[in-house]
Structures are given as structure tokens and as C-alpha cells.
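Dear colleague,

I am passing on a structure that you have not seen before, and I would be glad if you looked at it before reading my notes.

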There are 2 protein chains.
Amino acid sequence: MPKIVDHEERRQEVAEAVLDIIAEGGVGAVTFRKVSKTTGWPVGAINHYFVNRRDLLMAALVRAAQLSAERQLQVVGSRQGVDALATVLHEELPLDRRRLAMSRVFLFFYAEAAADTDIKRTIDSYLKRWRRQISVVVSQAQALGEIDPLLDSDKVAADLVAWVDGLGQHMLFNDDLRRSVARNSPILGWISRLSGGAAPAVLVSARKPK
Amino acid sequence: MPKIVDHEERRQEVAEAVLDIIAEGGVGAVTFRKVSKTTGWPVGAINHYFVNRRDLLMAALVRAAQLSAERQLQVVGSRQGVDALATVLHEELPLDRRRLAMSRVFLFFYAEAAADTDIKRTIDSYLKRWRRQISVVVSQAQALGEIDPLLDSDKVAADLVAWVDGLGQHMLFNDDLRRSVARNSPILGWISRLSGGAAPAVLVSARKPK
């Protein structure tokens, strides 16, 4: 069924163009005209797939969630234990142009979720999937003896996801914080504190410089 | 100078009315007509103090930040150490109507900050003040021997504030998470992990139920 594939591919291409536009100029810069210019398709063709601006933004949100999930799977596949956990969480911070766009998209929709049940549901699914994935990585680190096995991996995951999400947002408002996190990510330090009685072998980045 | 006092009091009254309206119906419900109905003042009188809707919302943001700071000072004044730290952080979570409104206001402005330098600056000041205040409480807990004295209190504060802010937002999207946090706040558990070598005497709420 090549037509269906085309249809999905085109929607995806437009969604990624919307993400590029947001990376460049923020959510306010998203218009059909701008998407037409970025993709090279006439406005009418885009309108065939997306009825209105909200549709365009929703597609960008869904695509951002997919891209984030794919990237997380990649990272987790090539590492293990606390190393995998710290890396996959660090990957979500807005430390380059692509992730900056992602953070802006999610923040925009977080605010919109208050007044739109569809958006709220999409955001909730996205966060649930993120928490589930982190919970799996936490369990693996527990099995390796790197995290206290008495901890509830679901609760630890919910807290880590909330923290990384909040930190990513705060980095949008303050360049000093962004630079400080880029230089010295605090993630591994906090995770090392989950090791229970064992002395944390990994770096505790929050320690004062000597 | 009674006139100036009046002026400030009136602005404040309107700002608090805007917060009430947001608590009830979200940011979208804020209109001059609605503010007039809530305060009992004619639209023209409100217009004397606030030129447009953005002005109204900015006043609500500034007032929300003030109220949050006042409440934090109150909490910190009557407690000490890790107890003060956990309580002041817990106080920021959207666990009642008032704090739900606060969370919505801040989230709305976080999203707006991408396109508005004034808002971005206001948000940044608010977060800086919040971090500074938490850093002071962390230092006090360090002086009491309840938190590892080798930790950098500013960095610990930045992480705790990011986490509580992110958690508060996630609670807006998922009622199960809100109930779970209300039943059993994870804050004290994480803080207890900052105690360094000492066995944490306080509750670790993330522990699995037996």
C-alpha cells in the first residue's frame, strides 16, 4: 500500500519542518506559508493533510515525542546500568539546537494542555512512556547492584523525569544555568546518591571544587 | 502619600482577582469584563491601571511570585534544617486550588517567555530568588549536620527547584500522580539522600511497601 506510506511520510516531513521552524523562531513563527516555504510544497497540498495551525502543531508534538523515544532507545541500547540512565536523561536536556526546539515545543503544549483535553492526553501519554522507559533502566541498574534494590523504580523514574524536565525548562530562561549544566551535568551526581549504603563510585558533580 | 498606597493596593487587588479567575477557568478565562465582575469595579477603572490583557496577566505573574516568596519565608521561619527544606519545597506543589492556580500561571508564562523578553526576565528573577532562598535553607541544614557539607548548596538548590517545578507541572497532567504525591511526598526521601555518609534518619518515601 504505497499510498498510505506516502501519506505518513508526508505528514512526518511536514511535522519535522514545523520542528525546524520552532527551533529557528519559536512557536509563533509557525504558519502555513512558512511551512510551505520550508518544505517546498504549495499551501494547498499541506492543507490536504493539516486542516489548521493547531493540527500542524499537534503533528509536531507527536513527532517530537516519537523522535525523543527513538533517541532514548538508541542510547539505552548501547549502554547499561547507571551509565545508561545518566546518558538517557542527559540526552533530554536542551543542549543543542534540536533539543532546544523539542523543549520549546513541549513547553508550548504543556501550557496549552490546561485548555485542551486532546493535548493534555497526548502530553500525559508522552510522559508515561518516558517514565516507563526510565523505570526499566532503573530496574536494570538495580539488577546490576548500582542502585539500591529497595527503591521503587517507578517512583524513582517519575522523580528523575520530573527533575530533568524542569531543569530543561529552567535552562531555557537562563544562559548561565545552561552553560553550567553543559560543563558539568548534575545528573550522575544525583543518581549516584541512589546507590544505597554502597559508596558511590561515580562522580558527584554537585561537590564543591577544591 | 495615601494615593500611591491606594494605587498599589488596587493593582494588587486586581492581580489577585486575575489569579482567582485563572484558578477557576484557566488563563483563557481572563478578560477585562470578567475582572470587572470579580472585583466589582467598572472596566474603565481597571483600564486606568492596566492597558491591556497582557498587563493584567503580567501583574498576576508578579503577584504570584510575591505570594510564593511570602509563603516560603513564613514556612522557613517556623522550622529548621531538612524539615524546613522539605516543607518549603512541598509547599510549591499544586495540592490545593490556590497552588493549582499558581502552577497554571507560571506554566502559561514559561511558554510565553520564548517570545517575550520582559516575561523571560521576570521568570528568570523569580527562579533565581527561589533558588537563592532554597540555597540558604540547604546551607542551614548543612550547618546542622543534616546535609553533606561538601555539597555546593547553590547547585543542590538549583536541582531541587527544577525537580519540584517539573513535578508540579506533571501533576497537572495526571491525577494519579497528583494523588500519589499528595499521599506520600517524595521530597523528604530525596533530601535524605543528601546526608552524605550518615544513614538517613528520615523517611525514604520512594521505598517499596513491604
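I begin with one residue, B:Arg63, which counts as buried because its relative accessibility is 8%, below the cut-off of 20% under which a residue is called buried. Please keep in mind throughout that this is a predicted model. B:Arg63 belongs to helix α4 of chain B, which covers residues 53–77. Once its neighbours within four places in sequence are left aside, B:Arg63 is in contact with B:Gln12, B:Ala15, B:Glu16, B:Leu19 and B:Glu70.

As for chain A as a whole, it has 10 helices and 0 strands, and 53% of its 210 residues count as buried. Its C-alpha trace spans about 65 × 40 × 35 Å along the principal axes. If one takes the contacts in chain A between residues at least 6 apart in sequence, 62% of them join residues at least 24 apart.

How are the two chains related? Chain A is superposed on chain B by a rotation of 180 degrees with 0.0 Å of shift along its axis, the RMSD being 0.0 Å, and that is the relation of a two-fold axis. Of the interface residues of chain A, 98% are also interface residues in chain B, so the copies meet through the same surface.

Within chain A, helix α5 (residues 81–90) deserves a separate look, since 8 of its 10 residues are buried and it is therefore largely enclosed by the rest of the structure. Among those buried residues of α5(A) are A:Gly81, A:Val82, A:Leu85 and A:Leu89, and the cover over the buried residues includes α4 (53–77), α7 (117–143), α8 (153–173) and α10 (187–192) of chain A.

One of these covering helices can be described in detail: the axes of α4(A) and α5(A) come within 9 Å and cross at roughly 155 degrees. Angles over 145 degrees count as roughly antiparallel, and α4(A) and α5(A) are therefore roughly antiparallel to each other. Their crossing is right-handed. On the side of α4(A) the contact is made by A:Gln72, A:Val75 and A:Val76, which meet A:Ala84, A:Thr87 and A:Val88 in α5(A), and the residues of this contact divide into 4 nonpolar, 2 polar and no charged.

In chain B, another pair of helices packs in another way: helix α6 (residues 97–112) and helix α8 (residues 153–173) lie at an angle of about 105 degrees, with their axes 10 Å apart, which makes α6(B) roughly perpendicular to α8(B). Here B:Leu100, B:Ser103, B:Leu107 and B:Tyr110 in α6(B) meet B:Asp165, B:Gln169, B:Leu172 and B:Phe173 in α8(B). By class, this contact of α6(B) with α8(B) has 5 nonpolar, 2 polar and 1 charged residues.

With kind regards

Key
Residues numbered from 1 in each chain as written. Chains lettered and ligands numbered in written order. Predicted model: local features only at pLDDT ≥ 70, side-chain atom pairs only at ≥ 80, totals over all residues. Heavy atoms only, no water. Helix = DSSP H or I, 4+ residues; strand = E, 2+ residues; numbered from the N terminus. Buried < 20%, exposed > 50% of the residue type's maximum accessible area, 1.4 Å probe, protein only. Contact = heavy atoms within 4.5 Å. Least-squares fit on C-alpha atoms with pLDDT ≥ 70 in both. Axes fitted to C-alpha atoms, helices over the stretch in contact; angles between N-to-C directions. Parallel < 35°, antiparallel > 145°, perpendicular 65-115°, else oblique. Left-handed = near helix turned anticlockwise from the far one by under 90°. Nonpolar A, V, L, I, M, F, W, Y, C, P; charged D, E, K, R; others polar.
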